[in-house]
Amino acid sequence: MYLKEIIAKLLNFIFPIYCVACGKENTYACESCFKKIDFTGYISDFSHFGRMNGEKKYFDEVIAAGRYKEDSILAKLIHLFKYDSAKEIGILFAVPLQNLTIKNADYFRNAVFVPVPLHFRRRNRRGFNQSEILAKELSNLTKIPMQNLLTRKRYTRPQVELSHNERIKNLIDAFALENADEKLDTKTVYCLIDDVCTTGSTINECAKVLKKNGAERVIGLVVAQATQAK
């Protein structure tokens, strides 16, 4: 267990956790407040991606469970999940993602979940990869397999700190196959799992690696889609 996780558990014992919306004790989101999040889900093909970014689009679609809005219940939960070692929130998020795989079953036939990787420096500092937690929980629920196919070969600045154009440049050639000699199955749908998609740059760079190594279809499945001011 990582030191940060131990500290987090001790703090939760001394200072109980509370629902981010109503303040109910011993839960990050009580059942009533979690139900208030709109997880209707929607699909975007990011048809504007190439025109906006000047980059070729490699992914096919992104399926998002909800929309990311600052200070919303969903945004607060995502922040706790990523930055405060609240890994239990990944279990909560896996349920609406599972619902999307059922609702959009055609997208997930012969699929495999591929978590977006963290650089080892950031993973060591955070203690876990939130995308991998989501992928594992979702795989347990859906019985769709998960594979850690990608690695982050270059340390990059956090995307949240960057402007639209900086996000694009920040991730160029940042990813690679974990096994450089692996050839991917053309019949498999490779489903990239992440918490938030904003510009599509992260999903696109991961998809570029997968498609250059044999994949024919790559989609993204994320908890929330955010919009960023240009």
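A residue is called buried at under 20% relative accessible area, exposed at over 50% and partly exposed in between, with a 1.4 Å probe and protein chains only. By this criterion Phe-59, at 1% relative accessibility, counts as buried. The model is predicted, so local features need pLDDT of at least 70 and side-chain atom pairs count only at pLDDT 80 or more, while totals for chains, interfaces and linings use all residues. Residues are numbered from 1 along each chain as its sequence is written, and side-chain values use heavy atoms, with hydrogens and water left out.

**Aromatic pairs**

- The structure holds four aromatic pairs, a pair being rings of Phe, Tyr or Trp (its six-membered ring) with centres within 6.5 Å.
- Phe-46 and Phe-59 have ring centres 5.4 Å apart and planes at 80°, and the pair is therefore edge-to-face (planes over 60 degrees apart; under 30 is stacked, the rest tilted).
- Phe-46 lies in the loop between β1 (42-44) and α3 (49-53) and Phe-59 in the loop between α3 and β2 (61-67), so the pair ties together parts 13 residues apart in sequence; helices (H or I, at least four residues) and strands (E, at least two) are DSSP runs numbered from the N terminus.
- Phe-46 also counts as buried, at 3% relative accessibility.
- One aromatic cluster is formed by Phe-81, Phe-93 and Phe-128.

**Packing of α5 and α7**

- Helix α5 (residues 89-103) packs with helix α7 (residues 130-142) at an angle of about 55°, their axes 9 Å apart; axes are lines fitted to C-alpha atoms over the stretch in contact, and angles run from 0 to 180 degrees between N-to-C directions.
- Residues in contact (heavy atoms within 4.5 Å) include Phe-93 and Leu-97 of α5 and Leu-134 and Leu-138 of α7.
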